[in-house]
Amino acid sequence: MKPGIHVQVLWSDADVFKIRVSAWNGAFGGSVNAYVAIGGLRKAAAEIAGFPKNSSDIRELLFGNFGSEWAGGAVRVHFYCKDAAGHAFITASLESDFQKGEKAESVTLFGAVEAAAVDDFVMQLKQVEAEQYGSAFLRIGDYVSL
């Protein structure tokens, strides 16, 4: 599996997408299903478009909701620059759905990201939203390159 974050539409209706988000950085990984309102993928694309603008630029994506009171899993992707030179990174936190009172499984992973990869991901998210089908992939540097 290539290091990155893969967002795939499993199904959609008039109100929501059910998506599967898989993340892998070369050392750690995970996969969760989450619900996103129609328009949410386009909103996510707009949120990260143009990242990073400068070395203090910080962005965040949220798919689904964390906690046992919500259906489905959740994913939070935090975009930030590690230094004044503008080296961009992500921290991705995934939490599975809570199953019948059990605790959820979770993983947090890190990866380097290039502006061009973010731009590609933005275009793919917009296309998936428009077609209500398909997938988008954010390429990240593997764990060893950190």
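Two strands count as paired if DSSP finds at least two bridges between them. Helices (H or I, at least four residues) and strands (E, at least two) are DSSP runs, numbered from the N terminus.

**Ground rules.** I am working with a predicted model, where local features need pLDDT of at least 70, side-chain atom pairs count only at pLDDT 80 or more, and totals for chains, interfaces and linings use all residues. Residues are numbered from 1 along each chain as its sequence is written, and side-chain values use heavy atoms, with hydrogens and water left out.

**Entry: the sheet with β8.** I looked up the strand order and found an open sheet of four strands, β3-β2-β1-β8, with antiparallel pairing. At its edges I noted β3 (29-37) and β8 (135-139), each pairing on one side only. From one strand to the next the twist averages 20°; angles run from 0 to 180 degrees between N-to-C directions, and axes are lines fitted to C-alpha atoms, for helices over the stretch in contact.

I then followed β2 (residues 16-24), which pairs with β3 in the antiparallel sense over nine bridges. Val21 has Val32 of β3 opposite.

Entry: Contact here means heavy atoms within 4.5 Å.

**Entry: the helix pair.** How do α1 and α2 cross? I found that the axes of α1 (residues 40-48) and α2 (residues 115-131) come within 8 Å and cross at roughly 160°. That makes α1 roughly antiparallel to α2 (under 35 degrees is roughly parallel, over 145 roughly antiparallel, 65 to 115 roughly perpendicular, the rest oblique). I listed the contact residues, among them Leu41, Ala45 and Ile48 of α1 and Phe121, Val122 and Leu125 of α2.

**Entry: the sheet with β4.** A further open sheet of four strands has the order β4-β5-β6-β7, and its pairing is antiparallel. β4 (59-64) and β7 (106-112) stand at the edges with a single partner strand each, so one side of each has no neighbour in the sheet. Neighbouring strands here are turned by 10° against each other on average, direction ignored.

I checked β4 against β5 (residues 74-81): six bridges join these antiparallel strands, and Leu62 stands opposite Arg76 in β5. Last, I noted that α1 lies across β4 and β5, running at about 165° to β4.
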